[in-house]
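Here's a quick look at one residue and the helix packing around it. Have the model open as you read.

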Amino acid sequence: MESLEERVARLETQIAYLQRHLGIDPALIDSVDQGPQLPPDFYVALRKGKTIQAIKMYREATGASLLNAKNAVEQMERQVSGRR
């Protein structure tokens, strides 16, 4: 029987694989884990620097105003790039 530690390690490996496969940066997930559920394409657009596309997807997913979406996406971009 698989121990709890072995199972957790296996699940963490699977999650890391899925993040790489979907192009999701784990740092982005940490930055929005308290916030809205955003589609995987949002993270792809954010990672590729497609800010306008990311803002549009953020607005569609959250119903945020243009200004709030712009501010949220730009904050996530700064966190990913290491700028504050």
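Predicted model: local features only at pLDDT ≥ 70, side-chain atom pairs only at ≥ 80, totals over all residues.

Residues are numbered from 1 along each chain as its sequence is written, and side-chain values use heavy atoms, leaving out hydrogens and water.

Start with E77, which sits in helix α5 (residues 66-81); helices here are DSSP runs of H or I, at least four residues, numbered from the N terminus. At 19% relative accessibility E77 counts as buried (under 20% relative accessible area, 1.4 Å probe, protein chains only). Leaving aside residues up to four places away in sequence, E77 touches L46 and T51 (contact means heavy atoms within 4.5 Å).

Now the helix pairs, with axes fitted to C-alpha atoms over the stretch in contact and angles running from 0 to 180 degrees between N-to-C directions.

| Pair | Axes come within | Crossing angle |
|---|---|---|
| α4 (residues 51-62) and α5 | 9 Å | roughly 125° |
| α3 (residues 40-47) and α4 | 8 Å | roughly 155° |

α4 and α5 are therefore oblique to each other, whereas α3 and α4 are roughly antiparallel; the latter label takes angles over 145 degrees, with under 35 being roughly parallel, 65 to 115 roughly perpendicular and the rest oblique. On the α4 side, T51, A54, I55, Y58 and R59 meet a set of α5 residues including M76 and E77.

Definitions and conventions:
Helix = DSSP H or I, 4+ residues; strand = E, 2+ residues; numbered from the N terminus. Buried < 20%, exposed > 50% of the residue type's maximum accessible area, 1.4 Å probe, protein only.
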